[in-house]
Amino acid sequence: MKKTLCLLLAVVMMIGLFAGCGSSSASGTADSGSAAAPAAFKIGGTGPLTGGAAIYGTACANAAALAVEEINAEGGIQFELKYEDDAHDAEKAVNAYNALKDWGMQISLGSVTSTPCVATSAETFADRIFALTPSASSVAVVEGKDNQFQVCFTDPNQGSASAQYIADKKLATKVAVIWKADDVYSKGIYDTFMAAAPGLGLEVVSDTQFMDGNDTDFSVQVADAQANGAELVFLPMYYTPASLIFAQAKQIGYSPVWFGVDGMDGILTLEGFDTSLAEGVILLTPFSADSEDARTAAFVKKYQERFGDIPNQFAADAYDCVYAYAQALKAAGATPDMSAEQICDLMIAQFTTMTYDGITGEGMTWSADGTVTKDPKGMVIQNGTYVGLD
Amino acid sequence: MSFLNFIISGISLGSIYAIIALGYTMVYGIAKMLNFAHGDVIMVGAYICFFAFTKFNLPPVVSVLLAMALCTVLGMTIEKLAYKPLRQAPKLAVLITAIGVSYFLQNAALLLWTSNPKVFPNFFSRSQAGAAEAVNSFSFFGGQLRISYVTVVTILVCLVIMLALTIFTGRTKMGKAMRACSEDKGAAELMGINVDTTISVTFAIGSGLAAIAGVLLCSAYPTLVPTTGSMPGIKAFTAAVFGGIGSIPGALLGGLMLGVIEILAKAYISTQMSDAVVFAVLIIVLLVKPSGLLGKQIHEKV
């Protein structure tokens, strides 16, 4: 009795399997030809919606959803958005990507963070799905892949730009660097900063690191910078460790010029943070939530109403991603019934030629290798708000 | 002078490890299980204190007491739901459950309080007449040497807890029952000791200590995120093993040594390799003395 039941179940499942195959291939052929094509472009992305990096993933998912809503409301190009969780893990990201592919994703927002995006970009490259990542800044994401593009700066770009900026503005000659050794983002910026510094007359007098799990006590790193007489401390890292560095430097009475990169953005939104600690911090960032720009102000207001937080640079990048897509798809005359591969070719042609004005930069252009050109803005924190330096 | 400063930083870091290690060692010593969720109870305690202080404007002392009370309840609930049904199960099953509870707490915190970091208020500063900024450390030799109030408080609290626990387990009836359970659960039960209640009380005490540890941890390193407790938790576990797990003074010694070694390794060897150095020292200690610095050598009878 039991055996027959098992057999029966197995047969049912087999039928189900084949039926599944049959129907999906049938609908696949029907899509390309029939008039009842889906009316919206299926756009998908992966990001850490849970886990330690969730702040970046949720920011991107929220902002992308906001942008999609606005664009859909205008009529014209329609999007259907789906964000899958990758928990900032390469393996989970590939699974999430496969889920999106099964869903029928036509264009991709890549992954939010670098490590997972390196993994998913290999997949999108192989499957000929165009991907534009908001914030995965590692070079490995776009390197050697013709259909992978970034809205954010690549890491090397930030390192050399920072060195250049420090030298141009004569902020200091003796510089200390504190960086996170197990993070591609931090290391990428550090490497190019160190390569560019000597040629610009910057002397790196203190070079100290920290790692995940060892990122609460910075007394040694700060003391080393102080003992070696660094006038400026360069911090290629996210703002959470930076906030601890500021507090611990103050404790030993050390007040150099602090210089951060885009990861420093968001420090003022830290709940309960004593903003006087960040007074005078200089950072290079493409986006500032306090900008006077009307579009930025509208975005910040809407985002804050919907999600309760002030959007960070990740959110702004994702917002720009969706709008850049809308512009490119419109210009290319793409329609939602096209296959992912057809759209991919159109997008490559568009992104390498078009100019896009977004909230993270005016006149953004892309080169064929997928990297973006836009100007980083120097900002300084004064009286608890960002003030433009240039 | 910089050497002295490093030693002080080491002690301040170590005293935090020590206070967390006390909770680990207490639960291990009596229930003979590694409560890997301890680090996350610390995080919950810190969040409760944070919200009590910033959102409900309770005075610091009340906030800390509230955090302790709620963490005690949380600890007992966890014990009742997750560990008690497994009392007869193999040790490994309980260990895996503890890891599960740890992830559960982390993700629940993520849902409840999001991953946006919160900056913990500094309870240990005093405003000085005439000075614009609050003072939060003792300074010596014209400011060349500073010891923050948090460090002093942490060490004092550590000592008080250590003494209290030693007296409690040595002198009181409940303490004796705990020691009996730790030696032989079956025999203790035969002697009329309620093993379940005893273990529940152990968890209650351990979780109450976790709340204090959470407040002190976040006072010293004020960034509060749902994963705040996990790494210090693991380091403190290491410290407890270092000092001899199950030994209350051992937890204090292990914690302080771990902190000092970590800072000195950072200062004089490499900032990148400090954890490797710390764990290398741990391995050497365990090779020479497998039960830890102050652990009791238990001879198994065959």
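Which residues have the most contacts inside the largest nonpolar core? They are L235(A), A18(B), I19(B), A21(B), L22(B) and A46(B), in a core of 132 residues. A nonpolar core here is a set of buried Ala, Val, Leu, Ile, Met, Phe, Trp, Tyr and Cys residues joined through C-beta atoms within 7 Å. A residue is buried if 20 or more other C-beta atoms lie within 10 Å of its own, exposed if 12 or fewer, and partly exposed in between, with C-beta atoms placed from the backbone.

The model is predicted: local features need pLDDT of at least 70 and side-chain atom pairs count only at pLDDT 80 or more, while totals for chains, interfaces and linings use all residues. Residues are numbered from 1 along each chain as its sequence is written, and chains are lettered from A and ligands numbered from 1 in the order in which they are written.

Helices (H or I, at least four residues) and strands (E, at least two) are DSSP runs, numbered from the N terminus. Then pick A21(B): leaving aside residues up to four places away in sequence, A21(B) touches A236(B), A239(B), A240(B), G243(B), A251(B), G254(B) and G255(B). Contact means that the C-beta atoms of two residues, placed from the backbone, lie within 7 Å. A second, separate core has 70 residues, among them V68(A), L100(A), F153(A) and F314(A).

**Chain A and its domains.** Colour 41-153 + 293-374 as domain 1 and 156-285 as domain 2; the bounds come from an automatic or database domain assignment. Their centres, taken over C-alpha atoms, are 29 Å apart. Ten residues of domain 1 of chain A contact eleven of domain 2 of chain A. On the domain 1 side, three of these residues are nonpolar, six polar and one charged. Ala, Val, Leu, Ile, Met, Phe, Trp, Tyr, Cys and Pro count as nonpolar, Asp, Glu, Lys and Arg as charged, and the others, Gly among them, as polar.

**Helix α7(A).** Next select α7 (219-227) of chain A. Seven of its nine residues are buried, so α7(A) is largely enclosed by the rest of the structure. The buried residues pack against β6 (174-180), β7, β8 and α8 of chain A, and against α1 (2-31) and α10 (248-268) of chain B. After the helix comes G229(A), with a positive phi near 70°.

**The chain interface.** Show both chains: 30 residues of chain A and 31 residues of chain B take part in the contact. On the chain A side, α2 (54-73), β7 (203-210), α7 and α8 each supply at least two residues. That side has 13 nonpolar, 14 polar and three charged residues.

**Along the strands.** Select β8 (residues 232-235) and β9 (residues 257-260) of chain A, which run parallel and are joined by four bridges. Two strands pair if DSSP finds at least two bridges between them. L232(A) has V257(A) as its bridge partner. The chain passes from β8(A) to β9(A) through helix α8 (residues 239-251) in a right-handed β-α-β crossover, that is, with the strands pointing away from the viewer, the path from the first strand over the helix to the second runs clockwise.

Move on to β10 (residues 282-285) of chain A, parallel to β9(A) over two bridges. I282(A) is the bridge partner of F259(A) and stands opposite V380(A) in β14(A). β10(A) and β14 (residues 377-382) run antiparallel, with four bridges. End at the hairpin of β14(A) and β15(A), where two residues lie between the strands and N383(A) takes a positive phi near 50°.
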